[in-house]
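Try each task before you read its solution.

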Amino acid sequence: MKITDVKIYPEDMPLKVPFVTAKRRLDVIRDYVLEIHTDEGLVGYGACAPTPVITGDTVGSIIYAVEEYIKPRLVGLELDLSLLPFVRDCMEHNSSPKAAVDIALYDLLSKKEGKTIYEYMGGKGDFCLKTDITVSLGAPDVMIRDTKAALEDGFDVLKVKLGTKPEEDIERIKAIATVIPKNVPVRLDANQAWEAKDAVKICEAALETGMNIELVEQPVHYRDIDGLEYVTKNTAVPVLADESAFSYYDVKEILKRGAANMINIKLMKCGGLFEAERIHALSSEYGAECMLGCMMEGPWSVAAAAQFAAAKGITKVDLDAPILVKDLINNTPVDFINNEIKLKK
């Protein structure tokens with residue numbers, strides 16, 4: 001089976017409410033769906049989203065990487081497993097467009113065997129993952145309102161965006177603590193915004209509220225591995241490395257140093273499922289738990305991430321992006337229903 005064409009096209013998906021972090025505000029997800037066509041009529045689907053403030057990938061760079069660089073190297077090649085490391089190594093950086101191509105190749109390889117990606121990667125039977133929901137960064141009263149709404153919608157794990165001045169973030173934490181039941185796990189996410197000592201202070205303040213603080217995600221700048229290590233070794237809150245953990249080699253350095261307790265795998269960061277599998281295996285060697293996260297992406301790439309998580313037994317997932325879309329059109333093998341992600345029947 002030979003690859004005959006690679007196509008990429010945009011899909012804009014307005015959100016129900018703005019998505020706000022310490023890094024950006026988003027009202028619409030700009031997603032790029034990618035198709036790989038073969039001479040036997042099979043089509044593989046992948047997708048990616050530009051996230052300049054994290055991956056560095058932009059609308060223009062994604063299109064150029066696919067159409068001018070990856071596509072000419074893929075067309076005419078036989079479909080087999082060797083294409084996965086080939087795509088990973090065909091250019092430096094550009095992790096999001098490489099992820100879109102990688103996902104589409106896995107989709108093709110799976111379809112060739114009459115399977116879903118979940119089954120192809122070792123999954124058996126049905127699965128149902130429960131994702132958290134994001135409470136965007138805002139004024140304390142707005143975050144209380146959004147927290148109440150999430151709980152009323154049935155979400156039983158919350159991800160709370162923080163990342164301004166320490167005293168302001170502590171005020172936000174104390175505010176939302178008044179409306180969150182003690183049994184609801186809470187994930188704090190600073191998106192790199194704090195200094196290490198401030199991060200420890202904020203984590204301790206969060207614990208003092210009595211909330212069930214499950215983890216703190218990327219408290220310091222992604223380059224500050226010393227700071228990440230300091231936070232990990234000076235707070236009881238488990239630290240999840242996100243922006244610091246793009247590649248297999250990033251993760252290896254973090255885990256060797258004990259600079260984080262957990263690793264957040266995102267396909268847009270690592271370049272797809274092939275590298276995600278390597279990172280998960282490495283993390284397992286070090287006894288570090290993984291979470292499967294996503295950028296603000298559409299359903300195709302998030303569906304691939306969910307299938308990977310389910311196949312590998314990863315239960316912590318932060319895959320709420322499609323759930324935040326106002327009118328989701330979803331033709332993937334996976335359903336997104338409230339807080340549940342499951343294979344379609």
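**Exercise 1. Find which helices supply at least two residues each of the lining of the second largest cavity.**

Solution. Start with the helices: α3 (95–112) and α12 (299–312) each supply at least two lining residues. Helices here are DSSP runs (H or I, at least four residues), numbered from the N terminus. Then read the whole lining: Tyr45, Ile103, Asp107, Ile117, Trp300, Ala303, Ala304, Gln307 and Pro333.

A cavity is a set of points on a 1 Å grid over the protein atoms alone where a 1.4 Å probe fits but cannot get out, and lining residues have an atom within 4 Å of a point. The model is predicted: local features need pLDDT of at least 70, side-chain atom pairs count only at pLDDT 80 or more, and totals for chains, interfaces and linings use all residues. Residues are numbered from 1 along each chain as its sequence is written, and side-chain values use heavy atoms, without hydrogens and water.

**Exercise 2. Sort the lining of the second largest cavity by class.**

Solution. The count is seven nonpolar, one polar and one charged. Ala, Val, Leu, Ile, Met, Phe, Trp, Tyr, Cys and Pro count as nonpolar, Asp, Glu, Lys and Arg as charged, and the others, Gly among them, as polar. Now turn to the largest cavity, where the lining has five nonpolar, three polar and 10 charged residues.

**Exercise 3. Name the residues nearest the centre of the largest cavity.**

Solution. Of its 18 lining residues, Phe19, Lys161, Lys266, Cys294 and Met295 lie nearest the centre.

Note on methods: 1 Å grid on protein atoms, 1.4 Å probe; cavity = no way out; pocket = protein on both sides within 12 Å on 5 of 7 lines; lining within 4 Å.
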